[in-house]
Amino acid sequence: MGDFTFQELTSIFAMQGFVGISLFSVLLLMALGLAIIFGQMGVINMAHGEFMALGAYTTYMLSMFTRTHYPELMPYYFFFAIIASFLVAGLVGYLTEFALIRHLYKRPLDTLLATWGLSLIMQQSFRTFFGSREVSPTLPDWLMGSWMPTDTIFIPINGMFILGLTTVVTFAVYYLMYRSSWGLNVRATTQNRVMSGAVGINTKQVDRLTFALGCGIAGIAGAAFTTIASTGPTSGSLYIVDTFMVVVFGGAASLFGTIASAFTIAQAQSILEFFISSSMAKVLTLLTLIIILMIRPEGLFASKVRK
Amino acid sequence: MKYFSRRKFLGKTSNLIGAMLAAGLMSTSVMATEFPTAEVNTTGLAVTDDTVTVGILHSLTGTMAISETGAMEAARLAIKQINESGGILGRQIEVILEDGASDWPTFAEKARKLLISDKAAAVFGCWTSASRKAVLPVFEQHNGILYYPTFYEGLEQSKNVIYTGQEATQQILAGLDWVAEEKDAKTFFLIGSDYIWPRTSMKIARIHIEQVLGGRVVGEEYVPLGDVQFGSIINRLRLRKPDVIFAAVVGGSNVAWFRQLNAAGINADNQTLLTLSVTEDEVLGIGGENLEGFYSVMKYFQSLDNPNNKAFVEAFKAEYGQDSVIGDVTQAAYLGPWLWKAAVEKAGSFDIDKIVEVSRTGEIELDTAPEGYVRLHPNHHLWSHTRIGKWNRDGQATVVYESPELIEPNPFPEGYQ
């Protein structure tokens, strides 16, 4: 590695730094929805990945629709796609809670099985409606390529876009959960369901909306990921492992824990990746996680829920 | 004698319409009665006086369905065309379609079903090496025959398998020779998904680069299957500044890899990239704009300009829609039924042992293959040309190089293991 100028090396380190930040925003966006559902409701949503895929497919459909009917709107459709993905995934989540989850609150292990079954149903539906080939929406030109602050630094625009989106979503979730009266109801229900009901909170409605919100955020994540990778019927299962890793490591019911956990995992992963192979980096990251979880089974930040 | 001349005539007919016309004229002259079932089928296969049953075994569901659907469609098209041209030894081919579901034990189970309960006279299928390895013992134990379409890592030669795709050396060596010569490449960066095919391929590539081409491998990377984060690898790539990136990334990772490469400002203007794992099928997902100017090394591209291929592409699109694309493996899967037909007719029998025997004479050949003339080597692989395609924005490749000779398949390359 002798023939590098100081400038080249700095650029590469700057870009590698952004890789870490970019991975952090991806992990966080994936995990937010699950953290809300798992943290607030104690439901392990195995179909979380499929809700992401649902968002991705919504984006794909909207891109096809815009291209054929309103080609002049192509540069802007992606914003509508994000909103549409949130609504579609949220609506499906709402119906899922109504039809499936609410019957199983007292049997947490059964929700695991039921949502896993749901994920299989959703995968096969994607396959039936969209075919088994992977699809990707036509991205607006401004999302492609990279930003070059200097001649040798390339910062991918889609990475920055996801970073921005994650920031917005995180603050929105923070506001909803910790600053709005609805969030107060959610947290009250989490802490003591019976008491909350007694003071007049419609706990069933709270459950339903919380679940819908978590699924809707998964939809947003799915829409964002169409800028990174293609979407196939089983794409969701690729993301689910990372998502659970972030949530479990961060500690359930803690927004801050999820953020810290996503950041730690992303930095560890990207720094290791730069020096050793990706497979080994993954092995080391997971090993470290296991060890930390053995010492601190409740994750980085334990939730303060009455047991 | 009459039979022989018909076979020869059909063999020389170079397009589908010709074959169908010929079938119309000739089908009455080749009756199944000339080949009594008792004589052409001494081992109890599913052959009646007017039908013969074969199996197609591909993943129609699960993660591999993306890739295997095309291969399944091509095999069905070939069988349909064979039936329209009068069938095989006067018998119409019936197909039993089985779904391997992207799950290797399921492949083995379905193979067992096809061979034991269905008595399939031949099976066309499998895509990944893992699925082939899973069914191999079944085919060997029950003496079936499998036509396997994918380009693969080599190091295998079973009596019960005919490999219609290229083995690793056919694909890799010619590609590396071309890029070393044409681009004056000295340094190579190898990257692949982390499983047997990319690893074996890269092992062969490294030996060839270091010992034959006198070049240098400046990086060798493997990414976990399904991984979509390539930022770190791209940065390492920048540190090493290779003349050529030699890639074998597969599946969903492939899309992310090329997109992120493009977003990072690495494109054909400033980097030569040669890949083993991109066919027209993959381009659909990756997007032509992310691949423009990069190279693939394959034996077949949809854009090949010859009459056989024109007829094939036309027939395929007529059957499966104008938007369908045809990749290397799809074409190789199309060859399976035709090679089987050639072998059965040469042997005058459906018996597996006789088919294998004639297949090993080195005389089974097809003039009508979309990729051009092919011949079966006694080692069960095909002699074939290797071609380099340069990708265009529209998702099709321009063939920029074609090996002058048919390249001999060499599944156990000495010095490369």
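The model is a predicted one: local features need pLDDT of at least 70, side-chain atom pairs count only at pLDDT 80 or more, and totals for chains, interfaces and linings use all residues. Residues are numbered from 1 along each chain as its sequence is written, while chains are lettered from A and ligands numbered from 1 in the order in which they are written.

Chain A comes out with eleven helices and two strands (DSSP runs numbered from the N terminus, H or I of at least four residues for helices and E of at least two for strands). Read from the N terminus, the order is α-α-α-α-β-β-α-α-α-α-α-α-α. Its radius of gyration is 20 Å, close to the 19 Å from the globule rule for 307 residues, so chain A is as compact as a globular protein of that length. That radius is taken over C-alpha atoms, and the rule is 2.2 Å times the number of residues to the power 0.38. Of the 307 residues in chain A, 48% are buried, meaning that 20 or more other C-beta atoms, placed from the backbone, lie within 10 Å of the residue's own. Helix 2 of chain A (residues 48-69) has 16 of its 22 residues buried, so it is largely enclosed by the rest of the structure.

Over in chain B, there's an open sheet of seven strands in the order 7-6-8-9-10-14-15, with mixed pairing; strands count as paired if DSSP finds at least two bridges between them. Strand 7 (216-223) and strand 15 (397-402) of chain B sit at the edges, each pairing on one side only. Inside the sheet, strand 6 (residues 187-193) and strand 8 (residues 244-248) of chain B pair in the parallel sense over five bridges, and Phe189(B) has Ile245(B) as its bridge partner. Helix 8 (residues 196-212) of chain B lies across strand 6, strand 7 and strand 8, running at about 170 degrees to strand 6 of chain B. Such angles run from 0 to 180 degrees between N-to-C directions, with axes fitted to C-alpha atoms, for helices over the stretch in contact.

As for the two chains together, 33 residues of chain A are in contact with 31 residues of chain B (C-beta atoms, placed from the backbone, within 7 Å). Helix 1 of chain A gives the most to chain A's side, with six residues.

Methods
A residue is buried if 20 or more other C-beta atoms lie within 10 Å of its own, exposed if 12 or fewer, and partly exposed in between; C-beta atoms are placed from the backbone.
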